[in-house]
Amino acid sequence: MRTVKNILIAPDKFKFTLTANEVIDAVYQGLPSSENNFNIVNCPLADGGEGTSDILADYFNADKICINVNNSLFKKIDAYYYFSRKNKTAIIDLSSASGLQLLDIKEQNPMFTSSFGTGEMILDAYEKGAKKIIVGLGGSSVNDMGIGAANAIGYRFLSNNGFELRPIGKNLIKIFQIDDSGAKIPFYEIEIISLYDVKNQLYGKNGAAYTFAGQKGASKAEIKILDRGLSHLSDLIKKQFKKDCAIEQGSGAAGGFGAGSYAFFNAKLKPGSKSIFDYLKLEEKIKNCDLLITGEGKFDKQSLRGKVTGELIKTANKYKKPVAVICGISELESSDSEYENIKFFPLFKKDVDIETAKQKSVELIIKKVANIIEVYNLV
């Protein structure tokens with residue numbers, strides 16, 4: 001006898017492969033007569049990374065705003081964010097203008113990239129009347145501590161000779177004065193919220209540069225330069241603005257953009273997974289379901305330590321709800337998890353290239369749903 005009636009489908013994206021909504025569509029294709037036999041609630045997720053604005057747009061009843069801005073190499077591109085005139089709230093993905101996925105591999109190097117385009121989007125939202133601006137920090141190509149975005153808003157970063165520096169990663173170490181007299185946004189009048197998807201500190205061995213700059217194209221020598229730059233600018237900010245941005249949790253997110261947004265924009269740093277969880281009232285949805293189907297591209301120990309899928313699993317365990325995790329690959333077995341009632345359904349046995357993942361993932365998700373049907377007796 002089937003005991004599952006109410007199913008909550010709540011996956012994160014499969015990075016560079018499928019959006020959360022595409023994962024949901026694939027799960028639907030695999031379920032038997034889902035609309036007639038089950039009560040299904042769909043809830044695509046994000047954790048402050050790419051796609052956060054898409055997820056929150058419905059919550060805030062926001063319209064898509066298309067805008068021509070600079071990418072992280074100062075080339076003009078079309079990007080977008082969302083703006084709710086009713087709530088006077090804008091939701092921006094940093095990755096929409098300053099994302100790693102916008103650059104070819106040969107172009108990727110955080111010594112030379114900038115968050116300038118993200119600043120252009122923040123300024124545009126303010127000029128449209130936004131009183132609250134939410135920025136999802138994941139997926140960046142930068143290690144500029146937000147100086148690019150600040151420069152777009154009117155900040156100037158000067159060398160010891162008084163020359164204005166280009167707002168890119170390699171110049172962090174060269175900044176000796178910050179001129180905020182030309183800032184075009186009175187940040188005391190609006191609220192900026194930076195949603196971080198990683199908890200790394202700003203600098204040091206567990207900081208932004210040492211942890212992520214290599215993935216963005218920096219060499220070992222360049223990582224050291226970038227790390228020293230983050231430390232140097234942090235000290236300068238502490239001296240000039242009396243703000244210790246390095247101690248804030250999430251300060252190392254997006255190449256130090258978390259710290260920079262706190263210092264330059266008076267932003268509040270909040271964990272993306274917890275914020276999304278609260279905005280979407282996920283605890284109530286989990287409480288009312290009989291089975292939770294979630295997932296992400298790669299599931300590992302980090303997934304259970306603050307990521308949105310981990311928050312789901314922790315809450316499902318609280319209410320003793322079974323959880324099926326569909327993922328590209330899993331570094332965990334069900335027995336590895338501290339939580340009960342969790343089963344993993346990986347699509348691949350080991351890492352695969354992005355093109356293979358793109359071609360095969362939908363087909364494999366449908367097949368894994370067949371396994372889920374059998375395991376949970378969904379007939």
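Reply: Two strands pair if DSSP finds at least two bridges between them. The model discussed here is a predicted one.

Me: What makes β1 and β11 a pair of strands?

Reply: Between β1 and strand β11 (residues 291-299), which run parallel, there are 3 bridges, and at least two are required, so the two strands pair. Within this pairing, isoleucine 9 stands opposite isoleucine 293 in β11. Strand β1 (residues 6-9) is also joined by 4 bridges to strand β2 (residues 39-42), again in parallel, and there leucine 8 has valine 41 as its bridge partner.

Me: Why is the contact between lysine 238 and aspartate 244 called a salt bridge?

Reply: The closest N and O atoms of lysine 238 and aspartate 244 are 3.6 Å apart, and because the cut-off is within 4 Å, the contact counts as a salt bridge. The structure holds 16 salt bridges, and another of them joins aspartate 278 and lysine 274 at 2.8 Å, N to O; these two residues are 4 residues apart in helix α10 (residues 272-279), which means that about one helical turn separates them.

Me: How do you know whether glutamate 311 and its salt-bridge partner lysine 314 are buried or partly exposed?

Reply: Glutamate 311 has a relative accessible area of 15%, and buried means under 20%, so glutamate 311 is buried. Lysine 314, by contrast, has 40% relative accessibility, which falls between 20% and 50%, and therefore lysine 314 counts as partly exposed. Both residues lie in helix α12 (residues 308-318).

Definitions and conventions
Residues numbered from 1 in each chain as written. Predicted model: local features only at pLDDT ≥ 70, side-chain atom pairs only at ≥ 80, totals over all residues. Heavy atoms only, no water. Salt bridge = Lys/Arg side-chain N within 4 Å of Asp/Glu carboxyl O. Buried < 20%, exposed > 50% of the residue type's maximum accessible area, 1.4 Å probe, protein only.
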